[in-house]
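Here is the note you asked for. Please keep the structure in view and check each point against it.

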Amino acid sequence: MLETIRTELAAAIGSALAAMGVEAPQVALDVPPRRQLGDLAWSGALPLAKALRRAPRAIAEEVARRVDEARAGLAADHPLALLEPGCAVEGPGFLNFRLRRGAALARLLRDSCKTAVPGGGPKCPPKVMDMREPGFTPGERGGPGGVAQAGVPGGGPKCPPKVIVEHTNINPNKAAHIGHLRNAVLGDTLVRCLRYLGHPVEVQDYIDDTGVQVADVVVGFLFLPEERLLAAVAAAWPGLGPAPSRAGVLASFAARAAAGTLVTGTLGEADFDDLCWDLYPRVTRWYEEDESATARRAEVLHAIEAGFPPELSLDQAIKDLTSTDPEPRTPNPGSIARLAAAVAEANVRCHLVTMGRLGIAYDVLPHESDILHRGFWQRAFELLQAAGAIRLESEGKNAGCWVMSLADSPEFAGMADADKILLRSNGTVTYTGKDIAYQLWKLGLLRDAGGALHDFGYRAFAHFAQDGTAGPVRYGEGARILYRTASDPAERPAGAAFGAGGRVYNVIDVRQSYPQKVVKEAIRVLGHPAAAENSIHFAYEMVALTPKAVRRLEETHGLDFGLTAEDMARPFLEMSGRRGIGVAADALLVTLIREAERAIAERQGEGAALAPEMVAARARAIAVGALRYQMARQGRNRVLAFDFDEALAFEGDTGPYLQYSAVRAAKVFEKLAAQGLAGSTETDAGAAAAAAVPDDLWELAFACARTREVVGKALASLEFSLLAAHARDLAQLFHKLYHEHSVLHAEDEGIRALRRGVFRLFGATIGEILEELLGIPVPGEM
RNA sequence: GCGCCGAUAGCUCAAUGGAUAGAGCAUCUGACUUCGGAUCAGACGGUUGGGGGUUCGAGUCCCUCUCGGCGCGCCA
């Protein structure tokens, strides 16, 4: 509603300015800082003063007069009829407008009740896009094979092109930590905001299953001195028998995989990814101590890159790897690759469960191994060669490598060495090379010589279900399917169509800005400048640990990270999976849930004890709320120095504060209903239409109306701190009103209906912001 | 060395070039036998790192300096 009024008002001011001789006027409407000044403001008279050679106030006054005249002839149901007649020129030349509060509140109530379907549901037809959101550049879509979503036959309502969001992207070699949590929460919030504004969104989680990181863990299973392997495995896999051995560990791996218990998904118990979390730093330590160890690393890496025959079962592979008949021998590379695939898959499943607990789901898991085996790089290499974007170095330090020259691009000006190696002298592809191929596919630009899309095959990876929009995602049940890529393009289940987005967001740590720029540049030099612009690196700063948090980790886990006094004097310390320094995501969630349970118990008093599953459900919602809000509220380009006390806070500017406001609002309506005073949207809207709405109630109602505007701004700037602050503002205004004005004990029916109407609007709005946009579940009680 | 980011209240952080720079925490003082105190009211707290500049208007843009962080691999 507010957006329509802004658009219309801007148009009216624009034509007034045109009549006053301003060429192509650009009109932007603000919201004044204090509500007493008005609801919408135009500050454009100030910069026009010089050009028009008139005092800004005089300009504002003439605009006001002309806009008034234009509005006089409008129909009663025109959006501008929701503005008070006349407007005020204030300060140095601000033009302030006010809404007709009662009528506007009535409209807001009717609108919110129309759109607010609890649990979301498909938003179709798409909502109108926000005006300030950066527009899509059409790019080179519409060619043969086009973009799946592009065609609405017969020019019906135009459907915006598909947006691809890639996030999470955890190396599948150990448990997720809080840095990955920041990535996933930001990415998921982005997805939610895009969907809220009506964009079709595809969520991808890229799986780097062929890199050294996975190789390192496989080295741990196969070659790390046995007693070290057993020490790492002991906590997660007790009961390996009286004489545990490497063969026993691998046999257990095979048995668990066969039984489907390799990944248990039980929160609070060590899962497979936790085992790897422990194993990985032991391997890196071994590398430092023993030179022969790194040869094992190279051996495993090569085996992984070479892949394995599809008919090789994990069981067979492990039998081969543990065979001592007739004597221990060099393992078959295919068997190593098969084991590596199983290790990566188990870790991926653990990560999915972890993110699922936060209500984060995905559509497809592109695998790096499939990028290699499906020949994505080969095709991208041909395209780069044809475009003259790369060259083979014959001398110098890069001799024998295929490099992309960046010297001609202003983006890379001033660099000592502006060349980026894509293909190494040993013939293997760098990560950036693979990323270029992947990015081309995401943009629908990876095409075979005939023009057909060069695509993956796909197969179902998991089934899942989610309650509402913010509930936990549960795998192994439900009707929704998560796909993974496959290297055989003939594998193509119905409904599995991915890639070829009109815009692509890559949610990646700011430290990868340089390679991301290279990828973008590659898209550009391949002749797709518009697509390059639609390939967006969503950069965010890293999560680090305060020295205090590091100390606490050492104490609670009985570890010694060997940090120097100098390290501990720094403002924050980087996490390091290789050294085992970090806070695992699940461990944090467990701690949060425990703290939430304690807080619930504290507030319970002496009354009847709650059923444990009730407490668990509430505690989970509170833990997720606290965690997600903490990640969302901070600006993205500021280092998040993790501190336990801060993370475990449930009062003040926190997720639970917001949840509490929603719970409170719902409680009011429960109490009203019990006394037959609940009313309805329609009765409240009717009462509001004729009423004089006092300042405090209006402040909250108006803030609710700004939600769509805030989502647009958050999306345009990729700053979800704006959305978090908006939610907090609403909750704050509500809590204040709650204290000052009782609905149940209102002085008379008119006042009650008015307050109830504003509370109703708040309840619908905050519920939508929390669950649909921020992914924060609202518990029934707290 | 070059590049990117940050520096705002004691602490952690907000603030599309716009009107009186806001929250929370911490400290202190209060809150109805009332819809739940994970709340609310109040107090205290600021030369927005320093210096120049642009502008009707600068925390925000430009230049410069200081401090801190991160990038600049045939790692991923």
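1. Some terms first. Two strands pair if DSSP finds at least two bridges between them. Helices (H or I, at least four residues) and strands (E, at least two) are DSSP runs, numbered from the N terminus. This is a predicted model, in which local features need pLDDT of at least 70, side-chain atom pairs count only at pLDDT 80 or more, and totals for chains, interfaces and linings use all residues. Residues are numbered from 1 along each chain as its sequence is written, while chains are lettered from A and ligands numbered from 1 in the order in which they are written.

2. A three-stranded sheet. Strands β8, β9 and β10 form an open sheet in the order β8-β9-β10, with antiparallel pairing. β8 (390-392) and β10 (419-423) are at the edges with a single partner strand each, so one side of each has no neighbour in the sheet. On average, neighbouring strands of this sheet are turned by 40 degrees against each other, direction ignored. β8 and β9 (residues 402-405) are joined by three bridges, and R391 stands opposite V403 in β9.

3. A four-stranded sheet. Here the order is β1-β2-β4-β3, again an open sheet with antiparallel pairing. The edge strands, β1 (29-30) and β3 (88-90), each pair on one side only. β2 (residues 40-42) is joined to β4 by three bridges, and A41 stands opposite N96 in β4. Helix α3 packs on the sheet and touches β3 and β4; its direction makes about 170 degrees with that of β3. For such angles, axes are lines fitted to C-alpha atoms, for helices over the stretch in contact, and angles run from 0 to 180 degrees between N-to-C directions.

4. Partners of β13. Strand β13 (residues 480-486) runs parallel to β7 (residues 364-365), with two bridges; L365 stands opposite R484 in β13. β11 (residues 457-466) runs antiparallel to β13, with seven bridges, and H463 has I481 in β13 as its bridge partner.

5. Helices α2 and α3. Their axes are 8 Å apart and the packing angle is about 105 degrees. Two residues are in contact if their C-beta atoms, placed from the backbone, lie within 7 Å. On this basis A45, L46, L48, A49 and L52 of α2 meet P56, I59, A60 and V63 of α3. By class, the contact has nine nonpolar, no polar and no charged residues. Ala, Val, Leu, Ile, Met, Phe, Trp, Tyr, Cys and Pro count as nonpolar, Asp, Glu, Lys and Arg as charged, and the others, Gly among them, as polar.

6. Helices α21 and α27. Their axes come within 7 Å and cross at roughly 125 degrees, which makes α21 oblique to α27. Y629, A632 and R633 of α21 and S721, L723 and A724 of α27 make the contact. Its residues divide into four nonpolar, one polar and one charged.

7. RNA strand B. By class, the surface has 36 nonpolar, 25 polar and 21 charged residues.

Key:
Angles under 35 degrees count as roughly parallel, over 145 as roughly antiparallel, 65 to 115 as roughly perpendicular and the rest as oblique.
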